[in-house]
Amino acid sequence: MRIREINAMRGPNYWSIRRHKLIVMVLDLEEMEALPSNKIEGFSERLKAMFPSMYSHRCSVGEPGGFFQRVEEGTWMGHVIEHIALEIQTLADMDTGFGRTRGYGEKGVYNVVFSYIEENVGRYAAKAAVEICEALIAGKDYNLEADIQKMREIREDERLGPSTGSIVEEAESRGIPWIRLNKYSLCQLGYGANQKRIQATVTSETSSIGVELACDKEDTKYLLEQAEVLVPRGDIIGRESSLEEACRYVGFPLVVKPVGGNHGRGITVNVKNYDDALVAFHAAKNVSSKVIIEKYITGEDYRLLVINNVLVAAAKRTPANVVGDGKSTIKELVEEVNKDPRRGYGHENVLTKITINDLTRTIIAAKGYTEDSVPPKDEVVILKDTANLSTGGTAEDVTDIVHPSNVSMAERISKIIDLDICGIDIMTTDISQPLEETGGAVLEVNAGPGFRMHLAPTTGLPRNVAAPVVDKLFPNHGDTGRIPIISITGTNGKTTTTRLIAHIAKMKGYRVGYTTSDGVYIQNRLLMKGDCTGPASAEFVLKDPTVNFAVLECARGGLLRAGLGFKKCDVGIVTNVAADHLGLKGIHTVEQLAKVKGVIPETVLPDGYAILNADDDLVYEMRRSINCNLALFSMDEENPRIKALQKLGGITAIYENGYITICRGTWKMRIMKAENIPLTFGGKATFMIQNILPAVIAANVRGIGIEDMKVALETFIPSASQTPGRLNLFKFENFTILLDYAHNPAGMRALQKFTDNLEATVKVGIIAGVGDRREEDTNELGSIAAEMFDEIIIRQDKHLRGKSEEALIKMLNDGIKMKDPNKKTTVIPSEKEAITYAVKNAKKGSLIICCSDVIPDALELVMKFKEQESKGEIIFAQ
């Protein structure tokens, strides 16, 4: 078996609108296509022995044991691998269960699709599942536990931490979109100009001064002392020579900790003599150049969490420990504690497994123990010097018993240190009593405190501490941090429709970001060049903090490679669906292509609009899958589909009596005559009229008025600057050049309708075959060209995309000869040389039509010719 490719879906996709996180593995079974599971001796038994828990997989049978039944009856290995990939993720504590295996369109090749929790774990699971299946087929031993542990390690490296994850989940529950901005915990909530950022529990609104103060324990303690907050006596030193005097000043027992420490690093507690203080001093110096020597306050460790100056949770923290039973060693007691199902690797469970490390050995050695010692029955043996959950500690929620005096103190401290989110560490014998009565003290104030102990305490009530964070960032009820998103897909017309909508929105005053097959534009500035119609380009726009309106062209390639770059849009437009790029990525029919394009209208928000082409049967059929408002457009005002929606009071756009018209119900609102819109070339470019119709609906449903639309339509000029590669007409003294991006049969037919209306002594076409299209599509392109042009120059695309230059030229020539065996045809592979040849040999009054794939290069060459002509230089024309 051979893996051809592995793609990770990260948004709505061809396989599922709701399940965004999917691995799509293209798997060639090779010789195993002839060997389903029931033809491999012992396979079923070996599978059951390795994965007894797979009994829960119901599969298509619909009951426990259903998958095993399918294996015994006989199923293909792609299906088996799908289930293995799901099960090994579940065994690694990433419970996930959606999967399907479908034919790729080639014999023995399948799309194996399954869900994942963490992308890189999913990719690993795909490869591991194939290897496991091959081992089961061959009857070889396989180290499954190594894979499971590896996936756990990948997850811990990749996943968001509990604090960040909880805030993201809370935001998602409110419909607030989010984007991870780096491999760590920096995340964006909301889009564009409405975004807020978090990094763990530090927000974009957290005071930098507050963070600086909290990180400087000396300044924190000084400010709290000045404000009459109870803090332990202490001193800060930098040299060993100052240690003895500091110990005398503070008095034993004491705590030694680094000034810049976090997560308990370098802290030693209950230091009772100078020798131990010296060891503790050097441990702290390894973390920070400055060391705090502080009075050790007896009592229990409490964390008070204050968000937006309000106490929202409190927890009593206990360091990792074991309780002796008089029989077991400390090592055995730790192993027994770690059997608690709540304990897991890293942050995977409520509690973290306890590890015995050098610090643990040092701590127990102080009591005369080693890990092989047997402590007396009921003796509590402390194993760590801090109560952090990440080192195996436990937490008990005590929010409801915190004394009002302590609540007031904590909220006051958050204002003194100026932190919107802070964790206040207190040592006291009883948190239900005022600190001054128990002899307790405030030990520390933490910026970016961990939420795990409050979200899932070992005992007590869990607290949704993420909610007040999101409340603070998005204080207005119902605020989702979104910006308007209009997404456009279809076979042809996407880019022009995208550019036109962006222009209308810009004229209305929006700061627009938009993506096209030419590049990404932020407020009309080209910031990324190339085909930018995939999810990464969409995210580029949505991450930009200057953008408050997004218009996103979405092509099939990005949808199949990774899904959409956003989960929901306000308006989704489908211009048309025609045969293009068939035979790629398992998409072999125009109906399958329509399903790919249909992802866009299916992701429109319930109060948004899906704008569909009523003249296209496949596009119109998409209305059945939408969960939003429907709007239709048509070149025929008598289209019965248009009439039906108008009777229901719906929104439509039509081309009627020469006008671009919007209808609400049956009421017509004429915008302007099509022949007066520059984009239509006096009404001759009918396919441009079809692009205008959905654009004006999109503007209308976003609250842009008719007059504003009219101004925008009048100022959107077909040109190299506003519509590069879309009907760019350049008039020279003796000939005319037309540059266009037409690259498939449907696009060529539309271009033909336009050029048939243009006068010329001779029409010369420069065309190319595209390597990632079917042979019949390239043949048809040649046949259309034979109808359109008096002379044809065959050039070659910059990117051959899987086929040879010779093969593509032959396909085009075959198509030309099918239509006109005598058509004058010249082969010039270089586009630059082809255009130059056409210009050099142009007859007076001729029209040169260049169907270009690298628009910037072609435009640069034509503009160079224009410059030469303006200087009076000869441009070759006869």
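Which strands does helix α4 lie across? In this predicted model, local features need pLDDT of at least 70 and side-chain atom pairs count only at pLDDT 80 or more, while totals for chains, interfaces and linings use all residues. Residues are numbered from 1 along each chain as its sequence is written, and side-chain values use heavy atoms, with hydrogens and water left out.

Helix α4 (residues 119–138) lies across β1, β2 and β4, and runs at about 160 degrees to β1. Helices (H or I, at least four residues) and strands (E, at least two) are DSSP runs, numbered from the N terminus; angles go from 0 to 180 degrees between N-to-C directions, with axes fitted to C-alpha atoms, for helices over the stretch in contact (heavy atoms within 4.5 Å).

The strands belong to an open, antiparallel sheet of four, ordered β1-β2-β4-β3. Since β1 (2–9) and β3 (99–103) each have a single partner strand, one side of each is left without a neighbour in the sheet. Strands pair if DSSP finds at least two bridges between them; β3 and β4 (residues 109–115) are joined by five, and Thr101 has Val112 as its bridge partner in β4. Helix α3 (residues 77–91) packs on this sheet too, touching β2 (22–28), β3 and β4.
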